[in-house]
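Morning, everyone. I have one chain to go through today. Please have a look at it on the screen before I start.

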Amino acid sequence: MLTTSDFLTATYWGVGLTIAAGVLASLAFLFRWGIRFRLVGVTGFMGVLTGGLFVLSVVPFTRTAIPGAVPYTVVFDNGGAQVVIAVSPTITPSALTATLQQAASDLFSYGRSGSRLVVRARTIVHPQPGVSQPLILGQATRNLSEPKAPLEIDLNQENLAQLQQG
């Protein structure tokens, strides 16, 4: 996976190539070459490409790893304020708390609509052969307008106890 330092190195190369294209375009205007306007386009494109590389070198896009979190699958995401993740039926309460924190961190985006993000964790149990029952194990609520606000985690103790019995 590319890191921000890799994009910074590419930015340095992009700046050099943009300057070289600008010098070449200037020479083309000076000597009235037929491709002078194409070289202006190339220079402009290189400038935009270099700007994009610079932004990728400044903005960190790595995810925070929460210790104790287990793998999860996103089963519903309306792109707004509601997300449902699926976890294993053998999950422990401490692993569920860490996984909800991880999912709330991974799925946070300023582009989501609403004032808060609600991530619900569910699993499916089979009380009888041929019967599937979904269980909501807990939810994490994150304030979208204040990213530094503390995360609210609520675990459904009844459903967790039902998992422990099965």
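Which residues does L135 touch, not counting those up to four places away in sequence? Hold that for a moment; some ground rules come next.

This is a predicted model, where local features need pLDDT of at least 70, side-chain atom pairs count only at pLDDT 80 or more, and totals for chains, interfaces and linings use all residues. Numbering runs from 1 along each chain as its sequence is written, and side-chain values use heavy atoms, with hydrogens and water left out.

Back to L135. Its partners are A121, R122, T123, V125, N159, Q162 and L163. Contact here means heavy atoms within 4.5 Å. L135 sits in strand β4. Its relative accessibility is 4%, so L135 counts as buried. The cut-offs: buried is under 20% relative accessible area, exposed is over 50%, partly exposed is in between, with a 1.4 Å probe and protein chains only.

Why one face? An α-helix has 3.6 residues a turn, so residues three or four places apart point the same way.

Now the whole chain. It has 4 helices and 5 strands, in the order α-α-β-β-α-β-β-β-α. The radius of gyration is 25 Å, well over the 15 Å that the globule rule gives for 166 residues, so the chain is more spread out than a compact globule. Helices (H or I, at least four residues) and strands (E, at least two) are DSSP runs, numbered from the N terminus. The radius is over C-alpha atoms, and the rule is 2.2 Å times the number of residues to the power 0.38.

The C-alpha box is roughly 85 × 35 × 30 Å along the principal axes.

Last, burial and contacts. Buried residues make up 29% of the 166. Among contacts between residues at least 6 apart in sequence, 59% join residues at least 24 apart.
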